[in-house]
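Please read the points below with the sequence and the model open beside you.

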Amino acid sequence: MKDTINEVYKMLQEREVHPSGTFDKAKRFIADHDDLIDVRTPSRRWPNSHMVACRTKKYVKAVCEKFDCKSKEELLSKI
């Protein structure tokens with residue numbers, strides 16, 4: 001599973017996949033799984049704090065553990 005986490009992390013870093021979430025009218029990114037990250041709330045000055053946090057290996061591992069992912073495809077669907 002460690003290899004899968006590393007592979008998905010690399011895909012996020014290289015922008016091959018993107019974390020799930022939405023943008024509000026002020027173009028702030030709000031992550032769908034914001035309970036798994038511990039960062040400041042996005043603001044107009046720092047609109048991508050959630051996006052940056054969702055591209056970390058710590059986040060990928062947390063998603064994998066929360067949803068008990070067994071494959072790369074399952075993990076990608078939850079990211």
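1. D35 counts as exposed because its relative accessibility is 52%; exposed means over 50% relative accessible area, buried means under 20%, and partly exposed is in between (1.4 Å probe, protein chains only). D35 lies in the loop between β2 and α2. Its C-alpha atom is 10.0 Å from that of A62, and the two residues are 27 apart in sequence.

2. A word on the source: this is a predicted model, in which local features need pLDDT of at least 70 and side-chain atom pairs count only at pLDDT 80 or more, while totals for chains, interfaces and linings use all residues. Residues are numbered from 1 along each chain as its sequence is written, and side-chain values use heavy atoms, with hydrogens and water left out.

3. D32 is found in the loop between β2 and α2. With a relative accessible area of 46%, D32 is partly exposed. D32 is in contact with S20, G21 and T22, leaving aside neighbours within four places in sequence; contact means heavy atoms within 4.5 Å.

4. Is H33 buried or exposed? H33 is buried, because its relative accessible area is 14%. Not counting residues up to four places away in sequence, H33 touches S20, Y59, F67, K78 and I79. H33 and F67 are 34 residues apart in sequence, and their C-alpha atoms are 11 Å apart in space.

5. Two of the residues that H33 touches, F67 and K78, also meet each other. The charged end of K78 sits over the ring of F67, 5.2 Å from the ring's centre. The rule for this is that NZ of Lys or CZ of Arg is within 6 Å of the ring centre and within 35 degrees of the ring normal.

6. H50 lies in helix α2 (residues 49-53). H50 counts as buried because its relative accessibility is 6%. Which residues does H50 touch, not counting those up to four places away in sequence? They are F29, I30, A31, D34, I37, V39, R40, T41 and P42.

7. Helix α3 covers residues 57-66, and C64 is placed in it. The buried residues of α3 include Y59, V60, A62, V63 and C64. These buried residues pack against α1, α2 and α4 (72-78). C64 counts as buried because its relative accessibility is 6%. Leaving aside neighbours within four places in sequence, C64 is in contact with M1, I5, C69 and L75. The C-alpha atoms of C64 and T4 are separated by 9.5 Å, and these residues are 60 apart along the chain.

8. How do α1 and α3 lie relative to each other? The axes of helix α1 (residues 2-13) and α3 come within 9 Å and cross at roughly 130 degrees. Axes here are lines fitted to C-alpha atoms, for helices over the stretch in contact, and angles run from 0 to 180 degrees between N-to-C directions. The two helices are therefore oblique to each other; angles under 35 degrees count as roughly parallel, over 145 as roughly antiparallel, 65 to 115 as roughly perpendicular and the rest as oblique. At this meeting, I5, N6, V8, Y9 and L12 in α1 meet K57, V60, K61 and C64 in α3.

9. Please look at the backbone of D68, which follows α3. D68 is not a glycine, yet it has a positive phi of about 50 degrees. D68 is in the loop between α3 and α4 and is partly exposed, with a relative accessible area of 48%.

10. K27 has a positive phi too, near 65 degrees, and is a residue other than glycine. K27 is found in the loop between β1 (21-23) and β2. At 65% relative accessibility, K27 counts as exposed.

How values were computed:
Helices (H or I, at least four residues) and strands (E, at least two) are DSSP runs, numbered from the N terminus.
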